[in-house]
Amino acid sequence: MRLHHLEVTGFGPFADRVRIDFDTLSDAGLFLLSGPTGAGKSSVLDAVCFALYGDVPGDRATAKRLRSDHAGDDVVPRVVLEATLSGRRFRIDRSPAWTRLKKRGTGRTTEQARVVISERRPSAEGDDAFEWHPLSTRLDETGHLVTRLVGMTLPQFCQVALLPQGRFQAFLRARSEERHTLLQQVFQTERFDRVERWLRDRRVELRRTSETHQAALADLVSRVSEVGAAEPPDDWAADPVLLTPWIEQLAAGTTASATAQEIQVAAAESAEAAAGEASTAGHELASLRAAHASALRAASALEAEHVAHLARQDQASAAQRALAVRPLHQVAIAARRAEEQAAADFQQVRLALAELVGEGDLDDHQVADHLRSATATLTDVARIRPLQQEVDALSVELDGLAASRDEARSALARLAARAEELPARLAALAPQLEEATAAVARAASLEADVQLVDTRIAAARAAERLTTELAGAEQALREATEARLEAREVLVVIRERRLDGMAAEIAGKLAVGACCPVCGSADHPSLAAPAPGAPDEVAEREARRGVDDLEAVVEAHAQQVRGLVARQAAALAEAGDTVERLAASRSDLTAALDEARRDAGSVDSLAARRTALADELDVLVGERDDLTAAATRLDTDAAVLASRLDGLRDQVAAVLPDGTDLDSFTAGLQAIEALATRCLDATAHLERARAEAERADSTAETSAVDAGFESADDASAAWLSTSDLAALRHLIEQHDRDVARIDEQLADPDLVRAASAEPPDLERLARDLHRAREEATAARALEARLHDRRRRLDGLADEIRSALAAWLPVRSDLDLVADLAAMVEGKHPDNHLQMRLSAYVLAHRLGQVVDAANLRLSTMSDQRYSLVHTGRRGAGETRGGLSLLVRDDWTGDSRDPATLSGGETFVVSLALALGLADVITDEAGGADLDTLFVDEGFGSLDAETLEDVMDTLDTLRDGGRVVGVVSHVPELQTRIPTQLRVHRGRHGSRTSLQTA
């Protein structure tokens with residue numbers, strides 16, 4: 001990587017555009033980047049890092065404040081870098097995220113970070129022409145591309161190409177844990193940390209899994225102990241294999257107990273069977289004796305019912321003979337009832353007809369005459385009915401025509417009145433519409449005036465607010481100016497006191513055997529001692545930094561005051577008056593505007609109303625003509641209908657009496673016709689019923705005599721219903737069956753023998769059977785429990801074998817992973833150095849760095865010092881492997897780096913930084929780094945050591961490498977003629993180039 005050009009605008013301390021030509025600096029091979037403290041020397045390196053990676057190194061990256069405070073509000077922060085990366089020339093144009101004033105309204109808005117990376121390629125126009133081809137505008141793509149081209153990440157680049165200010169002194173004196181973090185970031189060894197974490201997580205996972213399996217197995221062991229009523233082996237958790245013989249022994253014992261119990265069950269079942277047989281025989285004998293006694297009692301009861309049995313037989317015989325007579329008797333009774341009903345119907349119909357025609361008793365001839373007369377009249381009524389219906393329809397239609405004619409005449413009168421009213425209303429609307437139209441124009445003008453007043457009120461209020469802010473800013477400016485004056489006085493006092501004690505300060509920097517920079521002597525018989533509380537270089541630097549900071553604060557407050565004054569003047573000019581007078585003017589304008597809006601609001605309604613009235617007038621004229629024609633037609637139609645209606649009414653009157661309703665007249669005739677017809681039918685029906693009744697009586701009497709009864713009524717009295725007769729026969733048959741059954745029982749030899757035998761003792765037999773059953777049940781229950789125990793033990797044994805098969809591999813893996821995790825974490829007894837795996841890898845890398853650093857440290861320290869990498873733990877450290885010692889080859893002793901002086905610390909730190917740069921370069925695949933920067937630390941070196949260090953830096957130029965030294969030490973300004981100087985000022989820093 002070689003830098004060519006750098007352009008910085010609004011970045012860090014650089015407010016205006018600054019351009020740095022690295023090609024000119026590279027011609028000398030070694031150049032000096034100098035300037036006072038706080039001028040921006042390190043900001044040049046920050047700009048290079050930001051252009052390449054979009055970030056800055058060190059603690060400045062956390063501030064997120066890259067835009068220059070000195071830049072104007074409209075200046076865009078920007079860094080443009082031209083560099084050769086992997087043999088190709090690129091231009092990277094970056095801007096960080098920053099905030100600017102909004103273009104519309106007040107407040108600020110954020111501009112996002114952007115980047116454009118372009119590559120220089122030959123132009124198609126000629127061999128010597130080049131042009132830039134954009135490659136990407138995305139931040140992530142550009143970052144990946146630059147990392148691949150440079151061959152290093154930002155931390156690696158900062159350790160290799162930008163040896164940072166004071167960073168390697170901290171690395172040299174750091175504890176092993178702090179050094180572990182830095183080396184891990186540089187060498188990208190997080191994969192070994194991931195291995196450690198994976199083993200640790202795997203160990204935790206396996207331990208949880210093992211505990212789960214062990215808990216499941218413990219539950220099974222507890223169940224086996226409960227089922228088998230035996231305690232498990234005490235040390236089964238340490239040696240789970242002991243569980244198998246234990247459960248097998250329990251199963252064998254249970255099997256032997258079950259076999260012995262089977263013999264006991266067979267004996268108990270035999271005793272139970274014998275007791276059951278004895279109990280059954282006793283109950284059978286008792287049952288036979290009870291049956292014989294019951295048969296004797298039943299025989300006595302049947303003998304007492306014999307007379308009633310004979311009576312039931314006679315009643316059943318008479319009922320059987322009456323079955324043939326009963327239907328004929330019922331027919332005769334029904335015929336008499338039909339005759340009586342026919343006579344009653346005949347009399348009722350004859351009376352109804354006489355009442356309807358208004359006459360006395362009627363004979364059959366009179367009834368026939370009324371029937372013929374009603375039939376003829378109904379025929380005439382049927383003929384005139386359509387005529388009557390037509391008369392009714394024409395009457396309704398005539399009434400409708402009259403109503404329509406009246407309605408048309410009323411509507412015609414209303415239309416005429418409305419037509420006369422509309423022209424006057426249209427004339428009244430015209431001036432109102434003109435006034436509303438003028439109000440619309442007046443409202444638009446007033447709205448513009450109100451908006452203008454609102455703008456002036458806002459400006460007046462802003463002017464009042466800016467006046468308050470300006471007073472506060474002026475007060476802050478005065479306070480900052482006073483603080484700056486006080487800080488300058490303190491700096492002057494410190495410088496005077498330091499000059500007074502300069503001899504003691506020089507004496508404090510003298511080394512044993514070194515020459516005095518004032519007199520040149522190597523002997524120092526009487527060294528000057530510093531006065532109590534005398535300031536040193538650090539105190540002066542802090543005071544000077546405080547003054548510089550206050551200068552920036554004063555300038556910032558001054559810029560704020562100037563900005564507020566300008567904004568206040570602009571606001572006052574725009575307002576032109578006070579807020580109160582402007583508010584009063586706005587109130588008047590608002591009232592006038594509201595009135596104009598109210599007047600203008602009626603324009604649309606008035607216009608619509610005028611249009612509606614004109615349309616209504618046109619419609620009324622057309623409707624009036626239509627109604628006039630309709631009224632004429634209705635008069636003609638009414639005259640025609642009246643003439644036709646008179647003719648129809650004359651035809652109806654010839655048949656229907658005046659004032660008689662046709663439907664009522666027809667209903668009366670139909671009633672006479674129906675009653676006359678019913679009278680004739682009732683006469684014929686009565687004659688038939690009398691003949692049927694006489695025949696039925698004769699047949700019933702004859703049948704009763706033939707069946708042995710005196711009359712049909714006697715036969716009906718002896719008759720029984722089918723259910724009653726069946727019940728009577730059932731009683732007779734049941735009595736006969738009971739007599740036969742009892743005789744059979746009393747003749748049974750078993751019952752006779754049982755009656756003569758001794759009665760059995762059923763209670764004793766029941767007690768013996770109950771006792772035998774209980775003993776057999778208990779024996780069988782014990783046998784079932786033993787078999788169930790054996791079955792459960794077999795099932796639990798299978799579960800325990802499965803649980804062991806699942807647990808033992810996990811247990812074995814846990815032991816292996818626990819040993820490996822303890823080993824890589826440095827906690828295993830075999831890890832004598834107590835080093836973690838990542839620390840072990842980094843220890844190897846640190847050894848490489850120490851070897852590379854000693855090659856340069858030997859030259860820079862005049863063959864006196866060398867670095868030693870030790871695996872032992874340092875004081876207060878819990879882990880070893882990354883400790884460093886400094887060996888003094890003049891004395892042969894090794895000591896802690898913290899005991900080195902300031903100059904010795906810089907020399908050793910620089911050698912360590914260069915060694916780390918060499919190792920990282922090799923680690924990155926031999927990345928070509930043609931530009932190298934060394935930032936500060938030279939002020940602590942004596943002349944001889946400075947000469948050795950510069951000689952070492954000169955060697956870095958071998959192969960065309962460019963080395964930039966960042967320092968403000970005066971000796972380097974005389975030694976390095978090619979210089980890039982950074983000058984600070986109130987309005988930002990600037991640069992200048994000095995060549996030999």
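Guide: S12 and strand S13 (residues 893-895) pair in the antiparallel sense over three bridges; two strands pair if DSSP finds at least two bridges between them. Strands and helices here are DSSP runs numbered from the N terminus, with helices (H or I) of at least four residues and strands (E) of at least two. This is a predicted model, in which local features need pLDDT of at least 70, side-chain atom pairs count only at pLDDT 80 or more, and totals for chains, interfaces and linings use all residues. Residues are numbered from 1 along each chain as its sequence is written, and side-chain values use heavy atoms, leaving out hydrogens and water.

Within this pairing, Val886 has Arg895 in S13 as its bridge partner. Four residues lie between the strands of the S12 and S13 hairpin, where Gly892 takes a positive phi near 80°.

Now for the other neighbour. Strand S11 (residues 865-870) is joined to strand S12 (residues 883-888) by six bridges, and the two run antiparallel. Here Ser866 finds its bridge partner in Arg887 of S12.

Together, the three strands make an open antiparallel sheet in the order S11-S12-S13. S11 and S13 stand at the edges with a single partner strand each, so one side of each has no neighbour in the sheet. On average, neighbouring strands of this sheet are turned by 35° against each other, direction ignored.

Next come the helices. H22 lies across S11 and S12, running at about 175° to S11; axes are lines fitted to C-alpha atoms, for helices over the stretch in contact, and angles run from 0 to 180 degrees between N-to-C directions.

The axes of helix H22 (residues 837-860) and helix H8 (residues 190-228) come within 8 Å and cross at roughly 160°. H8 and H22 are therefore roughly antiparallel to each other, a term for angles over 145 degrees. In their contact (heavy atoms within 4.5 Å), Phe192, Asp193, Val195 and Glu196 of H8 meet Leu837, Ser838 and Val841 of H22. The residues of this contact divide into four nonpolar, one polar and two charged.

Notes:
Angles under 35 degrees count as roughly parallel, over 145 as roughly antiparallel, 65 to 115 as roughly perpendicular and the rest as oblique. Ala, Val, Leu, Ile, Met, Phe, Trp, Tyr, Cys and Pro count as nonpolar, Asp, Glu, Lys and Arg as charged, and the others, Gly among them, as polar.
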